[in-house]
Amino acid sequence: MSVIFFLGAVHGLMLTFLLVSKKVNQLSNRILAGLMLVFTIDLAMAALLSVGLHHNYPHVIGLDFSITLLYGPLLYLYSVTLIKGNERLTLAQKKHFIPFILLTLYFLPFYFKSGKTKLSLLSETGELQYGSEWITHFKVVYSLTYLPFIIRDLYQYRKKIRANYSTLEKRNLDWLQGFVLAGTLLGITAGVLYTISSFSDILSEYTDFTLLASTIFVYSIGYMGLKQAEFFTPIGREEKQVTKEEKPRQESYTRSGLNEEQGKEFHQELCTLMEKEKPYLRSDLSLAELAGLINISTHNLTEVINTFADASFYDFVNSYRVENVKQAIKDPEFQNYTLLGIGLESGFNSKSSFNSVFKKHTGLTPSQYKKSLEG
């Protein structure tokens with residue numbers, strides 16, 4: 001295990017440097033680099049203790065004790081900044097580091113003790129006996145409390161991108177949600193094993209298990225974060241990019257909402273635009289761009305689509321793409337096109353989204369629909 005921990009530490013250090021050097025999503029990647037560095041230190045200390053090198057370098061004992069309070073905050077801030085596209089942390093976000101700072105201050109007297117004293121405060125299992133038992137319990141609970149908030153934010157993000165974009169592929173954080181769910185399971189498992197091991201020696205090896213599982217988990221996030229491109233203009237920023245000439249004419253209703261008559265007028269104008277100019281053929285069509293085309297605020301456009309089309313922006317736009325595909329399949333002009341080719345011409349930007357959206361709206365895959373027409 002010591003070899004695995006050592007290699008994991010080296011690997012984590014490489015990931016840290018690679019993430020820091022990325023030019024896109026700089027803040028979120030630096031936060032993720034911080035998470036990789038924390039885990040690198042944790043693994044390096046585990047490797048050092050497992051082979052007994054702490055006897056040669058006793059002054060490093062305890063360096064990893066307070067940093068475990070950074071796991072929850074760093075993963076949470078990574079997901080938040082990736083979603084919102086923050087360029088810097090707010091004061092409220094910085095407050096998440098207070099427990100780590102306080103625990104570090106609490107440990108300062110220990111750091112100045114002699115190497116001999118530090119060794120004497122280590123138990124046979126390598127656990128630090130410096131008022132640390134209750135602190136360890138707190139660290140486990142503290143890290144777990146962040147997971148439901150991350151899941152909540154990811155759920156809200158999924159709703160927002162469906163309300164603002166007609167294509168989700170480059171804005172999809174399902175991979176992060178999957179990792180967080182896996183992290184929740186890992187955290188709960190670690191917490192249960194830790195609790196059991198506190199009362200019994202049956203699971204004395206639980207630390208190795210949790211470190212190994214956490215290594216796979218955290219480094220998987222690191223690799224996915226490294227692959228993550230700067231995939232979208234943060235939600236809300238696009239509306240600010242509307243030019244003065246495109247300033248929404250119904251801005252006074254942005255906060256108060258539209259009455260039924262106004263809503264119907266805008267809905268009719270929107271449907272006419274979609275049928276005649278076919279803006280949905282652009283795969284990257286966004287709510288802000290469509291709002292600019294009919295000179296309305298994004299808030300009011302969302303209200304019109306939700307109320308009079310009974311759909312999200314994503315479903316509304318894609319319903320037109322599906323209808324365009326259905327018409328093209330019947331059109332001799334598209335006889336030489338493949339089904340995927342028709343889908344791409346209709347505004348879809350991938351085979352997977354084309355198939356899933358088409359089936360959602362029709363109950364059939366594109367090929368099944370074509371066969372039903374031939375039969």
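The following paragraphs lead through the structure from its overall make-up to some individual residues.

The model is predicted, so local features need pLDDT of at least 70 and side-chain atom pairs count only at pLDDT 80 or more, while totals for chains, interfaces and linings use all residues. Residues are numbered from 1 along each chain as its sequence is written, and side-chain values use heavy atoms, with hydrogens and water left out.

The chain has 17 helices and zero strands; both are DSSP runs numbered from the N terminus, helices (H or I) of at least four residues and strands (E) of at least two. Of the 375 residues in the chain, 45% are buried, where buried means under 20% relative accessible area, exposed over 50%, and partly exposed in between (1.4 Å probe, protein chains only). Among contacts (heavy atoms within 4.5 Å) between residues at least 6 apart in sequence, 72% join residues at least 24 apart.

The interior may be described through its nonpolar cores, each a set of buried Ala, Val, Leu, Ile, Met, Phe, Trp, Tyr and Cys residues joined through side-chain atoms within 4.5 Å. The largest such core has 58 residues, and those with the most contacts inside it are I31, L35, L154, L173, L176 and V325. Among the elements that give two or more residues to this core are helix 1 (2–21), helix 7 (132–164) and helix 16 (351–362). Helix 2 gives the most to it, with 11 residues. Apart from this core lies another, of 20 residues, including L258 and M274.

T16 is found in helix 1. This residue counts as buried because its relative accessibility is 8%. Leaving aside neighbours within four places in sequence, T16 is in contact with A33, M36, L37 and T40.

The chain exposes about 20,300 Å², of which carbon and sulfur atoms supply 59%; accessible areas come from the Shrake-Rupley method with a 1.4 Å probe, and for residues only the protein chains shown count as cover. I98, I101, L102, L105, L108 and F112 make a nonpolar surface patch of about 610 Å². Patches of this kind consist of residues with over 30% relative accessible area and no salt bridge, with nonpolar side chains (Val, Leu, Ile, Met, Phe, Trp, Tyr) joined within 5 Å and like charges within 9 Å; a salt bridge is a side-chain nitrogen of Lys or Arg within 4 Å of a carboxyl oxygen of Asp or Glu. L102, in helix 5, counts as exposed because its relative accessibility is 53%.

Finally, S352 lies in helix 16. S352 and L340 are 12 residues apart in sequence and 9.8 Å apart in space, C-alpha to C-alpha.
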